[in-house]
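The sequence and the structure are shown first.

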Amino acid sequence: KSKARRARKETSTTTLDDVAGIESAKRDISEIIDFLKTPEKYRRLGAVMPKGVLLVGPPGTGKTLLARAIAGEAEVPFFSISASEFIEMFVGVGAARVRDMFQNARKEAPALIFIDELDAIGRSRGAGLGGGHDEREQTLNQILTEMDGFEAHENVLVLAATNRPDVLDSALLRPGRFDRKITLDRPHKDAREAILKVHVRKVPLAGDVNLAQLAARTTGFSGADLKNLVNEAALTAARENRDEVTAHCFEVARDRIILGEERDSQLTP
Ligand code: ATP
């Protein structure tokens, strides 16, 4: 019954050019990339680099994208796993998967490990049901054991994403674990324009499309929403047999997305 799968390993081709509107986080990120690329430089200076970095932000703000871009820029293998998959697994499976993943990453170091939806297993222990010996907790303990068990000079960096940093077990945030944080907020107007620019790169735009104006009219949209907006607009153009995507197509797409969200929020109050 278990949908368990091993950690994916990929060679990321994503670069920082694919990530827009995160100016405030760029400095932290470039330091992390530099560390993965030239670990000797840091070691020589006696600098201890972080083992774990938490990517915090609402859904669709580019946490996964950013993790891939870091791996792509540093040209290191990218191992990823989603913590939500460990729920309802057979006891011990999650922990074994975590152990395997760390082992493989260390073999290929420098490497980057990405744990998505960390809060799915990283919630405060003891507070929930289970009383301490459930799958969730074993998996979490295994992550902590692995992070404590390797030295910073092994050059494996663990990134973990969450949109609920408030519920995380404090053990995760201790020094030597996820002791650094990069926050991704919902994009403000200029950031939305920059994100739109990334996503229209391969889209033939009509002369009447004004991205700055579009950015101004998409308050509350995440990066994922903006990507979706561009795609919906292109689909609208195709449906209308146009060879360019016009301002009208973006209007139709925007209305669709906003109405869709209203419908969804009525279904799930
Ligand atoms: P979730 O919490 O739902 O997993 P996430 O924060 O990991 O979301 P991503 O999966 O990285 O978000 O974002 C989905 C897609 O939205 C990305 O693949 C990318 O195409 C687009 N996107 C999100 N943020 C940005 C951004 N800052 N710049 C460019 N594209 C973005």
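## Surface and overall make-up

The chain exposes about 13700 Å², of which carbon and sulfur atoms supply 49%. The model is a predicted one, and in it buried residues make up 46% of the 269 residues in the chain.

In secondary structure, the chain has 10 helices and 6 strands. When contacts between residues at least 6 apart in sequence are considered, 80% of them join residues at least 24 apart.

## The pairing of α1 and α3

Helix α1, residues 26–37, and helix α3, residues 63–74, have axes that come within 9 Å and cross at roughly 40°. The crossing of the two helices is right-handed.

On the α1 side the contact is made by I29, I32, I33, L36 and K37, while α3 contributes L66, I70, E73 and A74. Sorted by class, the contact of α1 with α3 has 7 nonpolar and 2 charged residues, with no polar ones.

## I33 within the pairing

I33, which lies in helix α1, has a relative accessible area of 8% and is therefore buried, since the cut-off for that class is under 20%.

As a point of reference along the chain, I33 and C249 are 216 residues apart, and their C-alpha atoms are separated by 39 Å.

## Backbone details in the loops

Most residues other than glycine have a negative phi, and most peptide bonds are trans. Against that background, E75 has a positive phi of about 55° although it is not a glycine; this residue lies in the loop between α3 and β3 (78–82) and, at 68% relative accessibility, counts as exposed. N241 likewise has a positive phi of about 55° without being a glycine, and is found in the loop between α9 (223–239) and α10 (247–267), where its relative accessible area of 70% makes it exposed.

The peptide bond from A109 to P110 is cis, with omega near 0°. P110 is located in the loop between α4 (93–107) and β4 (111–116).

Definitions and conventions:
Residues numbered from 1 in each chain as written. Predicted model: local features only at pLDDT ≥ 70, side-chain atom pairs only at ≥ 80, totals over all residues. Heavy atoms only, no water. Axes fitted to C-alpha atoms, helices over the stretch in contact; angles between N-to-C directions. Helix = DSSP H or I, 4+ residues; strand = E, 2+ residues; numbered from the N terminus. Left-handed = near helix turned anticlockwise from the far one by under 90°. Contact = heavy atoms within 4.5 Å. Nonpolar A, V, L, I, M, F, W, Y, C, P; charged D, E, K, R; others polar. Buried < 20%, exposed > 50% of the residue type's maximum accessible area, 1.4 Å probe, protein only. Areas by Shrake-Rupley, 256 points an atom, 1.4 Å probe, with all protein chains shown as cover.
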